[in-house]
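Please look over the structure shown here. The report below takes up its backbone, its domains, its core and its ligand site.

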Amino acid sequence: MQTEVEFPPINTAETTVKHPKLWMPKRVVFVPEALEQPFGQQVYERVQRLGLPIEIMKNNRVTGLRGETERETYKLAKNTLAIVNAPPSAFKLRPIPPSADFQFHLAEGCPAHCQYCYLAGSLQGPPAVRVFANLPLILKNNERYMQANKITSFEASCYTDPLSIEHLTGSLEETIRFFGQKPEAHLRFVTKFDAVDPLLDIEHNGHTRWRISLNAEPVSRRLEGGTSPLEARLAALRKLALPKEAGGGAYPIGVVLAPIMAIENWQEEYIKLLDRLEQKLDFPTDLTFELITHRFTPGSKEVLLGWYPNTSLDLDEAQRAVKRNKFGGSKYVYPADVMLQMKRFFYQEIGRRFPAAKILYWT
Ligand code: SF4
């Protein structure tokens, strides 16, 4: 039997939440072929309405992203939004285990400044944000990968934080609507931002799982520059999951705990986080967890130290175990005994607080 649950009005839960300013790039660049796309035109109008300075490139290459030093390049690129077309290779989808069947991309790059950023090892060149103007074709192409008798899952946040740029692009809204019409497909993405209000009323039909990335307060405060504060992310997660009649989006939700770090007093710090999460989700939810421990590669370490030379992030290989992949690459992870201790801890603490939630994986 369904128990009746009373939901406090959304504003009561929000009164103490500080919302960060939305990112406004200092430079917005369109390439000509992006402006030929109707969706590119829509982005152009949005950006124009926001009064941002727009440049149109002479050809389809984005230039002016490099400074004299690594730091200058970082600054220039992180302040630039480029609207381009996704290349032909973006139409050949790759699997992304264990998160989803396939990954596809609305954009590449992110305006935030996480000092462990996982994009450091995966995207080449200056870290500008590139938004894809041929989004309707990208979405249409996903249909080729859907199957009649099974749900196919699609991950949209491998190379970007899609909510961080939504106010400038509208790409996420378009994408959630598209998947809302596809009974055979599910959309998933993760964010460290909180501006979810404009997306609560979309007809998603339960086909989109919003995941919010959370971490212990000291990690978040120290290492996740330019993202929404934890409290705002927790409030956003609540809003996303609340039923429509309580002013929410009634979305399936997920928590991505990443990157889990063995910081000083890590048990206490993560317990505080899980307690706060439990308080926010005090009503029935469709909730999943993904648990990802911190790791780095020689390549990502080099890029990150170029971007954040004074970082306090622990990148000491001597404290880690080496994990090799079948292509000869290596990454540094926590030693097996630390991993085991952390895994036990999280399964126990999550299981105790959220018995109905599913832990999708630990890595
Ligand atoms: S929010 Fe994600 S993509 Fe953006 S800087 Fe942080 S880790 Fe990187």
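## Backbone: positive phi

Ala250 is partly exposed, with a relative accessible area of 34%. This is a predicted model. Ala250 sits in the loop between H8 and S13. Its phi is near 50°, a positive value in a residue other than glycine.

Asn205 also has a positive phi, near 55°, and is not a glycine. The loop between strand S10 (185-191) and strand S11 (208-214) holds Asn205. Is Asn205 buried or partly exposed? Asn205 is partly exposed, because its relative accessible area of 45% falls between the 20% and 50% cut-offs. As background, most residues other than glycine have a negative phi, and most peptide bonds are trans.

## Backbone: cis peptide bonds

Which residues does a cis peptide bond join at an omega of about 0°? They are Pro97 and Pro98. Pro98 is in the loop between strand S4 (94-96) and strand S5 (100-103).

A cis peptide bond also runs from Ala258 to Pro259, with omega near -15°. Pro259 is part of strand S13 (residues 253-260).

## Two domains

The domain assignment gives domain 1 (25-191) and domain 2 (192-294 + 334-363). Their centres, taken over C-alpha atoms, are 24 Å apart. Domain 1 brings 29 residues to the contact, and domain 2 brings 33 residues.

How much area do domain 1 and domain 2 bury between them? The figure is about 2400 Å². Carbon and sulfur atoms account for 61% of that area. The size of an interface is often given as the accessible area lost when the parts come together.

## The nonpolar core

The largest nonpolar core has 109 residues. Phe104, Trp210, Leu257, Tyr270, Leu277 and Phe346 have the most contacts inside this core. Helix H8 (residues 230-241) supplies its largest share, six residues. In soluble globular proteins, nonpolar side chains tend to be buried together.

Take Phe346, one of the residues with the most contacts inside the core. Leaving out residues up to four places away in sequence, Phe346 touches Leu257, Ile260, Trp266, Tyr270, Leu291, Gly351 and Trp362. Leu257 and Tyr270 are themselves among the residues with the most contacts in the core.

## Around the ligand

Which residues surround the ligand? They are Cys110, Ala112, Cys114, Cys117, Tyr118, Leu119, Asp161 and Lys192. Six residues of this shell are nonpolar and two are charged. No polar residue is found in the shell.

## Leu35 in helix H1

Leu35 belongs to helix H1 (residues 32-35). Is this residue buried or exposed? Leu35 is buried, because its relative accessible area of 16% is under the 20% cut-off.

Leu35 touches Phe30, Gly40, Gln41, Tyr44 and Ile56, again not counting residues up to four places away in sequence. Glu68 is 33 residues from Leu35 along the chain. The C-alpha atoms of Leu35 and Glu68 are separated by 30 Å.

Notes:
Residues numbered from 1 in each chain as written. Predicted model: local features only at pLDDT ≥ 70, side-chain atom pairs only at ≥ 80, totals over all residues. Heavy atoms only, no water. Core = buried A, V, L, I, M, F, W, Y, C linked by side-chain atoms within 4.5 Å. Buried < 20%, exposed > 50% of the residue type's maximum accessible area, 1.4 Å probe, protein only. Helix = DSSP H or I, 4+ residues; strand = E, 2+ residues; numbered from the N terminus. Contact = heavy atoms within 4.5 Å. Near = heavy atom within 4 Å. Nonpolar A, V, L, I, M, F, W, Y, C, P; charged D, E, K, R; others polar. Domains from an automatic or database assignment. Buried area = accessible area lost by both parts, 1.4 Å probe.
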